[in-house]
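Me: I am new to this structure and would like to learn how to read its features step by step. Could you take me through them slowly?

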Amino acid sequence: MSIATVVTIDDAGTFPSGGFDYSGRQKTFAFRRIDQTYLQNPDWEHRDSTIVKIQASLADGVAGSWIPLTDSEGNEILVTTNSVLNISIGRCKLKFVVTSNATPNIDVRIT
């Protein structure tokens, strides 16, 4: 079974721009930088300051309604290398907020 790409992050900014509808429950998120130069050293943050944050909105993406997802200790989730995360959250809109000094090429997949 093929796992479809939800979004490809190809710049700094918000992806997708208005977020996407998330059906809820626990799912696995995979983040994979697909440019060849990162195969040997996939630490995005130290190479070019690339950081992906995940934000949720329970108000259909209305401005000011986005909150960062955090881990069980209250730390904001920061994706800085190829990663697989299990996320359990209810129905909402999700988006990925990216900062970078380069042009990242990151596939995000959800199972």
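**Reading the sheet and the rings**

Reply: An open sheet is formed by 4 strands in the order S1-S9-S3-S7, with antiparallel pairing. Strands here are DSSP runs (E, at least two residues), numbered from the N terminus, and two of them pair if DSSP finds at least two bridges between them. Please keep in mind that this is a predicted model, in which local features need pLDDT of at least 70 and side-chain atom pairs count only at pLDDT 80 or more, while totals for chains, interfaces and linings use all residues. Residues are numbered from 1 along each chain as its sequence is written, and side-chain values use heavy atoms, with hydrogens and water left out.

Me: Which strands stand at the edges of the sheet?

Reply: S1 and strand S7 (83-89) do, and each has a single partner strand, so one side of each is left without a neighbour in the sheet. From one strand to the next, the twist averages 20°, where axes are lines fitted to C-alpha atoms and angles run from 0 to 180 degrees between N-to-C directions.

Me: How many bridges join S1 to S9, and how many join S3 to S7?

Reply: Strand S1 (residues 5-9) is joined to S9 by 4 bridges, and isoleucine 9 stands opposite isoleucine 106 in S9. S3 and S7 run antiparallel and are joined by 7 bridges, with threonine 28 opposite asparagine 86 in S7. Between S3 and S9 there are 5 bridges, again in the antiparallel sense, and alanine 30 stands opposite arginine 109 in S9.

Me: Is strand S9 largely enclosed or open?

Reply: Of the 5 residues of strand S9 (residues 106-110), 4 are buried, so the strand is largely enclosed by the rest of the structure; buried means under 20% relative accessible area, with a 1.4 Å probe and protein chains only.

Me: How is a pair of aromatic rings described?

Reply: It is described by the distance of the centres and the angle of the planes. Rings of Phe, Tyr and Trp (its six-membered ring) pair if their centres lie within 6.5 Å, and planes under 30 degrees apart count as stacked, over 60 as edge-to-face and the rest as tilted. This structure holds 3 aromatic pairs. In one of them, the rings of phenylalanine 31 and phenylalanine 96 have centres 5.7 Å apart and planes at 85°, so the pair is edge-to-face. Phenylalanine 31 lies in strand S3 (residues 25-33) and phenylalanine 96 in strand S8 (residues 92-99), so the pair ties together parts that are 65 residues apart in sequence.

Technical notes: Buried < 20%, exposed > 50% of the residue type's maximum accessible area, 1.4 Å probe, protein only.
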